[in-house]
Amino acid sequence: MITKEDILKMVTKVSRRSRNIQDSRLIHPEREWSLAIIVFVLLLVGIFTLNAKRFAYFNNIEAQLSDETSSAVEYKYGTMQEVLDSYGEKTLLFQELRQGVGVSAVFLDASAPPETAGTNSDSQSGGEPSVSFE
Amino acid sequence: MEREYKRLQELLEKTETERALLERHVIAGENGTVSFLSLIDEVADELGVELSTEALKVETTDEPGFDELVVEFSFKGQESQIIRLVKMFETLPYHSRLTALELIRTYNNETGQWSMGGNLTFKLSIKET
């Protein structure tokens, strides 16, 4: 059973607690302004650091391009010219052969018929035929 | 980076003519293959050689953007014209090579003339289109 003494104790306790409630204001301009300044400064530092890093990266981009990357875009003019010359000669030779210029195919034994009578044949494969061109 | 890009662009413009010339020596796709076979037929007709295409297949290669066309021909005709035909195959102005050749010479006692037949395998680079 709650006695008068207990009620008094409870009242005292509640009274003490209520005395401890510091501030019931909704706005604290000083504290919030300080907080805003701190957040702003932190953001500023963060953004500045990021930008500085990006600047350093792009500022040194030329140095970061390796020799391999640079040489990959080099054009071999000499080789190209050699290839073009070679194909130029081939084209000329092909055209001459097509027109029958400077062609004379000579078999070493073309004039001599084979010793055996009737139809004779010989063959070879996988290489140059036994003919000569002049 | 920008300088590299500009350099590449300049290089492309500078080598345009040479690259176009080089491109003429590589057969491109199906159209190129048809043109090549027409040219060979035309040449064989001019020489009076009977030529037929026995096999035609495309093989993949390690070269990116390029395949290899393998063509097998059989032919028959006068030996001098056959030799000229073979020589023409060797000098075709395309990125190609003659990989196998079989020649059969035949002497006819009745006419006293040599004739020739044979088979030929030819490989050409073809550009994927």
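Modeller: In this predicted model, B:Glu23 has a relative accessible area of 43% and is therefore partly exposed, since that class lies between the limits of 20% and 50%. The side chain of B:Glu23 meets that of B:Lys127 in a salt bridge, with an N to O distance of 2.3 Å. This pair links distant parts of the chain, as B:Glu23 belongs to helix α2 (residues 16-23) of chain B and B:Lys127 to strand β5 of chain B, 104 residues apart. B:Lys127 is also partly exposed, because its relative accessible area is 22%. Side chains of opposite charge can pair when their charged atoms come close.

Of the 15 residues of β5(B), 11 are buried, so that the strand is mostly covered. Its pairing with other strands can be taken one partner at a time. Strand β1 (residues 27-28) of chain B pairs with β5(B) in the parallel sense, over two bridges. Within β5(B), B:Ile126 is the residue opposite B:Ile27. The pairing of β3(B) with β5(B) is antiparallel and comprises 13 bridges.

B:Trp114 in β5(B) is the bridge partner of B:Tyr107. β4(B) and β5(B) make a hairpin, with four residues between the two strands. In the turn of this hairpin, B:Gly112 has a positive phi of about 70°.

The largest nonpolar core has 31 residues, and B:Phe36, B:Phe73, B:Phe75 and B:Leu92 are the members that touch the most others. At least two residues of this core come from each of β3 (66-78), β4 (96-108) and β5 (113-127) of chain B, as well as from α3 (29-47) and α4 (79-90) of chain B and α5 (77-99) of chain A. The largest contribution is that of α3(B), which gives seven residues. For B:Leu92, once residues up to four places away in sequence are set aside, the contacts are with A:Lys90, A:Phe94, B:Phe36, B:Leu39, B:Ile40 and B:Phe122. B:Leu92 therefore touches residues of both chains, because heavy atoms within 4.5 Å count as a contact.

Over all chains, the whole structure contains nine salt bridges. One of them joins the side chains of B:Glu46 and A:Arg98, at 2.8 Å from N to O. This pair crosses between chains, from helix α3 of chain B, which holds B:Glu46, to helix α5 of chain A, which holds A:Arg98. B:Glu46 has a relative accessible area of 46% and is partly exposed; A:Arg98, with 24%, is partly exposed as well. Another salt bridge lies between B:Lys57 and B:Glu59, whose closest N and O atoms are 3.9 Å apart. This pair is counted because the limit for the N to O distance is 4 Å. B:Lys57 is partly exposed at 46% relative accessibility, and B:Glu59 is partly exposed at 27%. Through shared partners, salt bridges also join A:Arg98, B:Glu42 and B:Glu46 into one network.

Chain A, which supplies A:Arg98 to that network, contains five helices and three strands. Its elements run α-α-α-α-α-β-β-β from the N terminus. Of the 134 residues in chain A, 10% are buried. The accessible surface of this chain is about 11,600 Å², with 60% of that area on carbon and sulfur atoms. A nonpolar patch on the surface consists of A:Trp33, A:Ile37, A:Phe40, A:Val41, A:Leu44 and A:Val45, which together have about 630 Å² of accessible area. A:Phe40 is located in helix α2 (residues 29-59) of chain A. With a relative accessible area of 53%, A:Phe40 is exposed, because the limit for that class is over 50%.

Conventions. Residues are numbered from 1 along each chain as its sequence is written. Chains are lettered from A and ligands numbered from 1 in the order in which they are written. This is a predicted model: local features need pLDDT of at least 70, side-chain atom pairs count only at pLDDT 80 or more; totals for chains, interfaces and linings use all residues. Side-chain values use heavy atoms; hydrogens and water are left out. Buried means under 20% relative accessible area, exposed over 50%, partly exposed in between (1.4 Å probe, protein chains only). Accessible areas come from the Shrake-Rupley method with a 1.4 Å probe; for residues, only the protein chains shown count as cover. A nonpolar core is a set of buried Ala, Val, Leu, Ile, Met, Phe, Trp, Tyr and Cys residues joined through side-chain atoms within 4.5 Å. Patches are made of residues with over 30% relative accessible area and no salt bridge: like charges are joined within 9 Å, nonpolar side chains (Val, Leu, Ile, Met, Phe, Trp, Tyr) within 5 Å. Two strands pair if DSSP finds at least two bridges between them.
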